[in-house]
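Dear colleague,

Please find the structure below, handed over for your records. My notes on what was found in it follow directly after.

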Amino acid sequence: RAWNGAVIGMTAMPEARLAREAGLCYATAAMVTDYDVWHDTEVDVSVEAVIRVLHDNIETSRSIVRDLARAGLPARDSCGCASALSAAGVTAAEAMDAGMRARLALLLDGLGT
């Protein structure tokens, strides 16, 4: 279960939460394109300026990925991501009826039940 992608927006929280629920390791590399939306001392930004910074950020992203590849990523079982939901279940799987277990199978499998 791996996904490589980019999120353009104001927050990555939904993605982080979904990754946690799926037992996926997840990290955000956030790069700002402009500050004018929230910082009163910044001048309004042009499309050209955003595109220029976006291209710079592409190079920065590539550098980050190269550095990660050189350093090597830890083995999936060396962190707690895969078992993040192990204490999340309130109702024991054996106490659920077959229909409920079927609907929650993806999550229950991640819980080791």
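R20 is part of helix α1, which covers residues 13–21; helices here are DSSP runs of H or I with at least four residues, strands are runs of E with at least two, and both are numbered from the N terminus. With a relative accessibility of 43%, R20 counts as partly exposed. On this scale, buried means under 20% relative accessible area, exposed means over 50%, and partly exposed lies in between, using a 1.4 Å probe and protein chains only. Leaving aside residues up to four places away in sequence, R20 touches C81, A84 and L85, where a contact means heavy atoms within 4.5 Å. R20 and L85 are 65 residues apart in sequence, yet their C-alpha atoms are 7.9 Å apart in space.

Please note that this is a predicted model, in which local features need pLDDT of at least 70 and side-chain atom pairs count only at pLDDT 80 or more, while totals for chains, interfaces and linings use all residues. Residues are numbered from 1 along each chain as its sequence is written, and side-chain values use heavy atoms, with hydrogens and water left out.

As to the chain overall, the protein has four helices and zero strands, in the order α-α-α-α from the N terminus. Of its 113 residues, 8% count as buried. Of the contacts between residues at least 6 apart in sequence, 46% join residues at least 24 apart. The accessible surface is about 9,100 Å², and carbon and sulfur atoms account for 59% of that surface; areas come from the Shrake-Rupley method with a 1.4 Å probe, and for residues only the protein chains shown count as cover.

The remaining findings concern helix α2. Residues 47–71 form this helix, and N57 lies in it. Just after α2, G72 takes a positive phi of about 80°.

Is N57 buried or exposed? N57 is buried, because its relative accessible area is 13%. Not counting residues up to four places away in sequence, N57 touches M31, V32 and T33.

The whole structure holds two salt bridges, a salt bridge being a side-chain nitrogen of Lys or Arg within 4 Å of a carboxyl oxygen of Asp or Glu. In one, the side chains of E59 and R62 meet at 3.0 Å, N to O. Both residues lie in helix α2, three residues apart, about one turn of the helix. E59 is partly exposed at 42% relative accessibility, and R62 is partly exposed at 47%.

R70 forms a salt bridge with D67, with the closest N and O atoms 3.3 Å apart. R70 and D67 are separated by about one helical turn, because they are three residues apart in helix α2. An α-helix has 3.6 residues a turn, so residues three or four places apart point the same way. R70 counts as exposed at 64% relative accessibility, whereas D67 is partly exposed at 43%.

Finally, V47, I51, L54 and I58 make a nonpolar surface patch of about 320 Å². Patches consist of residues with over 30% relative accessible area and no salt bridge; like charges are joined within 9 Å, and nonpolar side chains (Val, Leu, Ile, Met, Phe, Trp, Tyr) within 5 Å. I58 is found in helix α2 and counts as partly exposed, at 34% relative accessibility.
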